[in-house]
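Please look over the sequence and the structure below before reading on. The report that follows goes through selected residues, the overall fold and the aromatic pairs.

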Amino acid sequence: MDFQLFNVPLYEIIIFMIFGLGQEVVVTGILFGRKDKLLKGYSSIWYMPIYALVPFILDILLPIVGDINFIFRGLIYAAIFLMVEFVWMEFIKLTLGKTPSEKEYLKSKWGIHGLTRLDHAPYYFVSGLLLEWLYLSIR
């Protein structure tokens with residue numbers, strides 16, 4: 001019998017954590033590639049719980065939004081990612097005194113209290129749809 005947390009098998013949680021961190025490294029490498037030709041990307045182990053939540057969120061959300069046009073689903077995912085990131089980064093900040101992305105987020109005119117950035121919404125739009133595809137593919 002496979003270990004499951006609620007209705008999500010442990011292997012799915014691990015897949016989402018690896019996929020999420022991987023896509024974050026790729027996106028930051030591309031974004032900072034304008035300044036750094038080595039295309040060095042980054043992430044943080046502190047972000048793993050965010051990606052571990054994805055299958056749980058999609059378990060709840062997909063039956064509600066699954067039939068909606070992909071553009072609206074992407075917008076919903078982007079809004080949820082921004083909210084989850086804001087809350088999680090606030091938790092990390094309260095726990096550790098700072099967040100892994102705080103320096104970059106505070107520099108940006110799109111940053112919100114150094115916890116999230118509104119200009120990341122397009123990446124969250126695409127990321128949400130990719131995570132949805134992954135979720136449907138492994139189910």
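## K107 and helix 4

In this predicted model, K107 lies in helix 4, which covers residues 102-107. The relative accessibility of K107 is 59%, and K107 therefore counts as exposed, the cut-off for that class being over 50%.

K107 can also be placed against a residue elsewhere in the chain: between its C-alpha atom and that of L10 there is a separation of 37 Å, while the two residues are 97 residues apart along the chain.

## Overall fold

The chain contains 5 helices and 4 strands, and their order along the sequence is β-β-α-α-α-α-β-β-α. With a radius of gyration of 15 Å, close to the 14 Å that the globule rule gives for 139 residues, the chain is as compact as a globular protein of that length. Taken along the principal axes, the box filled by the C-alpha atoms is roughly 45 × 35 × 30 Å.

Contacts within the chain can be sorted by sequence separation: among those between residues at least 6 apart in sequence, 63% join residues that are at least 24 apart.

## Burial and surface

Of the 139 residues in the chain, 40% are buried.

L75 is located in helix 3, a helix that runs over residues 70-96. Because its relative accessibility is 47%, L75 counts as partly exposed; this value falls between the limits of 20% for buried and 50% for exposed residues.

## Aromatic pairs

A pair of aromatic rings is described by two quantities, the distance of the centres and the angle of the planes. The structure holds 2 aromatic pairs. One of them is formed by F81 and Y124, whose ring centres are 5.8 Å apart and whose planes stand at 65°, so the pair is edge-to-face, a class that requires planes over 60 degrees apart.

Is Y124 buried or exposed? At a relative accessibility of 14%, Y124 counts as buried, because that class takes in residues under 20%.

Terms used:
Residues are numbered from 1 along each chain as its sequence is written. This is a predicted model: local features need pLDDT of at least 70, side-chain atom pairs count only at pLDDT 80 or more; totals for chains, interfaces and linings use all residues. Side-chain values use heavy atoms; hydrogens and water are left out. Helices (H or I, at least four residues) and strands (E, at least two) are DSSP runs, numbered from the N terminus. Buried means under 20% relative accessible area, exposed over 50%, partly exposed in between (1.4 Å probe, protein chains only). The radius of gyration is taken over C-alpha atoms; the globule rule is 2.2 Å times the number of residues to the power 0.38. Contact means heavy atoms within 4.5 Å. Rings of Phe, Tyr and Trp (its six-membered ring) pair if their centres lie within 6.5 Å; planes under 30 degrees apart count as stacked, over 60 as edge-to-face and the rest as tilted.
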